[in-house]
Amino acid sequence: MDRAEFAAHVRSLAEKQGVPLYLHLDHCKDMALLRAAVDAGWDSVMVDASALPLAENIAMTNKIAAYAHAHGVHVEAEVGQIGKTGRAEEDAGIPVASMEDIRAFLRATDIDLFAAAIGTAHGLYHGTPVLHHDMIEEIGYLTDLPFVIHGGTGLSDDMFRALLAHPNVKKINISTEVKQAYRRGILASIDEGLLQVMTGQGFEATAVAARIAESIRTMAEEKLALLRPADGIKAEGRRGQQ
């Protein structure tokens, strides 16, 4: 879909459903694409210059932040490159960001959401990642910016709840989990024979789409249930606008 058409589609869905809905461009390294999403009316963009030296990350972030803020669009940025999962023995030793770099970045940039490498990674974990909750807590003292966790797919429910117990954690990305749910919907369609062409019936693409939507909805409901504080997890300090 065209970027502007997609933005209009999301706005229409939000109005019909009556729920907060945000169209976000994630992990973008292309300045032209970032500007195009802003021009098309997307709600937020993530400039990902985390692979660059800190000074270049700051410069690129501020450049797109100035452009986006002039158009009323929020900006997310990242310190410490959040990579992809690898072998089991690597998942427990995922690199984390430098607190010195984080402090310098927060002082020098004007952003709306902040992400940093705290032990998570994109993709499917092969082992159990070690999450650095001390870093999340320290970042919460440094800034009031909402903190974003990337690499939420594959974290246990207890790990999810522990992350959500931090007052500054406002967003946890689960892109891979959505894709896995999409795949399960396709596999369910195959098991039910929905991809076979029946004599006189033809192939009903909408039936397959319904199975995919059902699979994703089930996964989403399970994740949303984790927003309810669990016994033993302190949540009274959370900012309650979620």
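Trainee: At what angle do helix α8 and helix α9 pack, and how far apart are their axes?

Mentor: In this predicted model, α8 (residues 175-191) and α9 (residues 205-225) pack at an angle of about 140 degrees. Their axes are 8 Å apart.

Trainee: So what do we call α8 relative to α9?

Mentor: Oblique, because of that angle. Roughly antiparallel would need an angle over 145 degrees.

Trainee: Is the crossing of α8 and α9 left-handed or right-handed?

Mentor: The α8 and α9 crossing is right-handed.

Trainee: Which residues make the contact?

Mentor: From α8 you've got E177, V178, A181, Y182, R184, G185, I186 and S189. On the α9 side, look for V208, R211, I212, S215, I216, M219 and K223.

Trainee: And how many are nonpolar, polar or charged?

Mentor: The contact of α8 with α9 has eight nonpolar, three polar and four charged residues.

Trainee: OK, switching to α3 and α5. At roughly what angle do those axes cross?

Mentor: Roughly 30 degrees, for α3 (residues 54-70) and α5 (residues 99-108). Their axes come within 10 Å.

Trainee: What does that make them to each other?

Mentor: Roughly parallel, therefore. The cut-off is under 35 degrees.

Trainee: Left-handed or right-handed for the crossing of α3 and α5?

Mentor: Right-handed.

Trainee: Which residues should I click on for the contact?

Mentor: Pick L54, N57, I58, T61 and N62 on α3.

Conventions:
Residues numbered from 1 in each chain as written. Predicted model: local features only at pLDDT ≥ 70, side-chain atom pairs only at ≥ 80, totals over all residues. Heavy atoms only, no water. Axes fitted to C-alpha atoms, helices over the stretch in contact; angles between N-to-C directions. Helix = DSSP H or I, 4+ residues; strand = E, 2+ residues; numbered from the N terminus. Parallel < 35°, antiparallel > 145°, perpendicular 65-115°, else oblique. Left-handed = near helix turned anticlockwise from the far one by under 90°. Contact = heavy atoms within 4.5 Å. Nonpolar A, V, L, I, M, F, W, Y, C, P; charged D, E, K, R; others polar.
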